[in-house]
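Visitor: Here is the one I wanted to go through with you. Please take me around it slowly.

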Amino acid sequence: MSKGQRRIRKVAVLGSGVMGSQIAAHCINAGLEVVLLDLKSDDPKRPNKTAEESIKNILKMKPAPFGLPEFADRIKLGNFEDDFDLLKDADWICEVIIERMDIKKDMMSRIEKVRKSDTIVSSNTSGLPITEIGEDCGKDFKEHFLGTHFFNPPRYMKLLEIIPTKHTSKEIACFMHGFCERVLGKGVVLCKDTPNFIANRVGIFSIGSMMPYFFNGDFRAEEIDLLSGTLTGYSKAATFRTGDMAGLDVTLHVANNIIPSIPDDEKKEVFDLPEQFKKMVESGKIGNKAGKGFYSKVRENGKTEYKVINPETLEYESQQELEDPVLDEAKKIKDTKERLKFLAFHDSKIGKFIWETQREVLLYAANRVPEISDNPQDVDRAMKWGFNWELGPFERWDALGMDKVIERIKEEGIPVPAIITEMKEAGFTSFYKNGKVYNPVSKSMKEENPSASGEIKVAELKKMDSAVMENDSAALYDLGDGVALFEFRTRNATLGFELVQSLEKSLDIVAKDFEAMVIGHDGDNFAFGANLMEAMQANESGDWDKVVKAVTNFQRTAVALRYAPFPVVVAPFGRTLGGGTEFCLYSDKIVAHHELYMGLVEVGVGLIPAGGGTTELLKRGMNKLEEDADPLPFIREAFKTMGMAKVSDSAHKARELGFLKESDAIVMNRDLQLSVAKEEALSMVKAGYQPPAKTDIKVLGDTALSAMKLMLYVMHESKFITDYDKVVVERLAFVLAGGDLSEAQKVPEDYLLKLEREAILDCLKDDRTLARMEHMLKTGKPLRN
């Protein structure tokens with residue numbers, strides 16, 4: 001079968017433990033058919049009890065493994081005795097059973113007897129040699145066999161390490177790379193079949209190298225987490241919180257397993273973790289799943305506190321804040337690389353810790369090339385995607401400065417790694433430069449590989465200087481093929497006056513010079529809604545005309561996306577709130593990332609959705625109506641969605657809430673979102689796109705208003721909503737009812753949009769709304785007044 005013909009539709013996952021059941025869930029999220037098998041139960045009435053209980057358990061997990069809870073019903077459950085023949089239909093068999101070589105090898109022999117000749121088989125293991133797992137099988141099996149190391153939790157962790165063996169067909173390795181990237185949405189790193197592959201080899205080493213500073217009493221656990229968190233380009237979870245999340249028993253198991261496998265590793269003693277750490281694990285202090293690890297969530301006197309373990313007594317005590325002038329200086333430095341450099345070379349106790357821990361991971365990673373990888377970029381990506389580091393080890397070399405690091409390690413009597421010596425001899429002093437990365441094989445700089453094949457990144461458009469219009473808030477780029485891209489540039493992608501004006505201006509530019517528009521950017525979240533600070537300042541200045549103008553402009557611009565003479569495709573991801581959701585609702589098509597946290601949350605700050613959101617949700621509800629059906633349930637649904645500020649926890653949930661239409665697309669890989677959005681825009685152009693005509697919307701008037709007011713009365717009486725919640729949501733109800741109308745009728749869209757504007761302006765005149773907005777800006781939390 002050629003690469004072009006190969007498809008994976010049916011997946012069999014063997015082993016329903018924590019990883020197996022979540023891998024099955026993620027495959028379901030991606031739209032695949034899944035069979036999940038495990039050991040046969042002793043209960044004759046429930047032979048599949050093991051798998052059934054596993055699915056029940058992951059349905060309780062937070063964050064949720066399934067895009068929607070009901071997706072669990074799509075998994076076909078079975079057991080290894082009665083249902084092994086189901087593997088005959090599988091396109092991919094993913095083995096996720098116990099981490100024991102003899103049991104895995106036996107499973108491979110069983111699979112080989114039933115699989116069809118073209119089926120791909122993979123083993124999910126965190127460190128067992130892949131080649132050895134499949135060594136007893138025949139040639140065809142070996143050619144279709146490789147390792148797939150998912151990271152926990154599989155839905156949310158980007159990294160997937162794919163480990164081909166020397167027998168794996170190149171076509172199969174290439175196909176699985178593309179499939180896992182595009183269909184499962186993974187950041188794929190190809191690894192050599194070496195102990196613990198890349199991420200766990202470097203990640204466990206990094207954790208192990210920091211542990212002595214805690215168990216020797218140099219720093220407290222929370223202090224090390226501060227110093228090895230976002231401050232120095234690691235993850236928010238830092239070192240010990242990451243350990244607690246992953247499971248300290250898993251950390252110890254991986255570390256113990258690797259020691260006999262790396263006899264020539266110059267730092268293998270680091271994997272022999274401190275005795276006190278082993279005692280922690282033995283006593284059941286194994287992290288979040290046990291409720292206690294380095295940290296323990298304790299509730300005392302009605303208050304919840306995260307206490308931290310004492311390294312000597314292994315008892316928990318209150319955290320302490322690390323105060324030091326060097327930290328105050330460091331926090332003023334916005335650029336992570338500059339901040340890391342400042343701290344690593346600072347003459348202080350903190351500086352010494354930062355330098356020593358950086359030195360260890362820099363040297364270790366450099367000495368692992370070419371052992372674990374030929375490509376420094378792959379090592380960096382494995383750490384960024386698998387451990388959520390902001391900077392990978394080789395990016396750290398560049399941040400600290402290769403010459404400066406060499407000078408210091410020579411002073412300390414430490415040998416310079418071979419790769420560094422070779423680079424210097426070849427005339428290079430950094431791993432990354434101008435979009436290129438050092439290649440140790442050719443001893444030259446090569447183009448960086450894209451995160452995913454075919455990706456579009458705004459950062460690359462900036463380098464190419466392809467902006468047609470730009471300012472501090474936004475930019476419009478030429479994507480090629482007649483498609484323009486509008487980028488949000490504001491902090492947290494808030495939608496302020498300048499950004500909205502820029503979007504309105506961009507619509508005119510695109511109408512004149514392009515055929516379609518895509519809206520998207522490279523940030524972590526799509527949009528946090530309107531800029532509350534600007535609204536507060538306009539209000540406080542007494543410039544009411546400016547407030548009215550801002551409300552009017554925002555709504556006009558959002559609605560203009562629908563009626564522009566060209567297709568508008570929006571690519572939302574992450575938090576997409578308030579006005580950001582309204583931009584999506586009025587686009588022609590949404591290409592959503594699976595991880596989409598979308599909602600009209602204005603009520604929380606004392607406002608109502610007035611960028612067309614209220615009108616559009618009502619319209620969508622009415623459009624679902626079949627002839628002679630009662631419209632009230634649909635109005636109630638829209639009312640609840642906005643009145644309770646519901647936010648989706650996946651793109652599937654956003655569709656269920658009415659924010660996405662059935663025709664909108666969901667992509668699994670964030671890196672491919674803009675390229676898919678561009679393809680969708682072009683297909684609409686080729687189909688002869690014309691903007692939709694404006695249509696009237698049915699409203700129920702007093703009938704709907706009375707029903708919604710009754711709902712509010714009950715919620716208020718039961719203390720579910722506050723006094724001011726009731727006031728704000730009544731304003732929302734007034735718009736959804738179509739205003740003060742005595743009977744059901746159809747009204748123009750513009751009529752409802754006017755009601756929206758009037759309602760939000762009433763909110764903005766109310767001091768209780770201003771108090772909510774101010775509280776949100778100060779604390780990031782809603783005020784329940």
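**Sheet and helix packing**

Guide: Seven strands, in the order β15-β16-β17-β18-β19-β21-β23, make up an open sheet of 7 strands with mixed pairing, where strands are DSSP runs of E of at least two residues, helices are runs of H or I of at least four, and both are numbered from the N terminus. Two strands pair if DSSP finds at least two bridges between them. This is a predicted model, in which local features need pLDDT of at least 70, side-chain atom pairs count only at pLDDT 80 or more, and totals for chains, interfaces and linings use all residues. Residues are numbered from 1 along each chain as its sequence is written, and side-chain values use heavy atoms, leaving out hydrogens and water.

Visitor: Switching to helices, at what angle do α24 and α30 cross?

Guide: The axes, lines fitted to C-alpha atoms over the stretch in contact, with angles from 0 to 180 degrees between N-to-C directions, cross at roughly 135° and come within 8 Å for α24 (residues 613–623) and α30 (residues 749–764). The two helices are therefore oblique to each other, since under 35 degrees counts as roughly parallel, over 145 as roughly antiparallel, 65 to 115 as roughly perpendicular and the rest as oblique.

Visitor: Which residues meet there?

Guide: G613, T614, T615, L618 and K619 in α24 meet E749, L752, L753 and E756 in α30, contact being heavy atoms within 4.5 Å.
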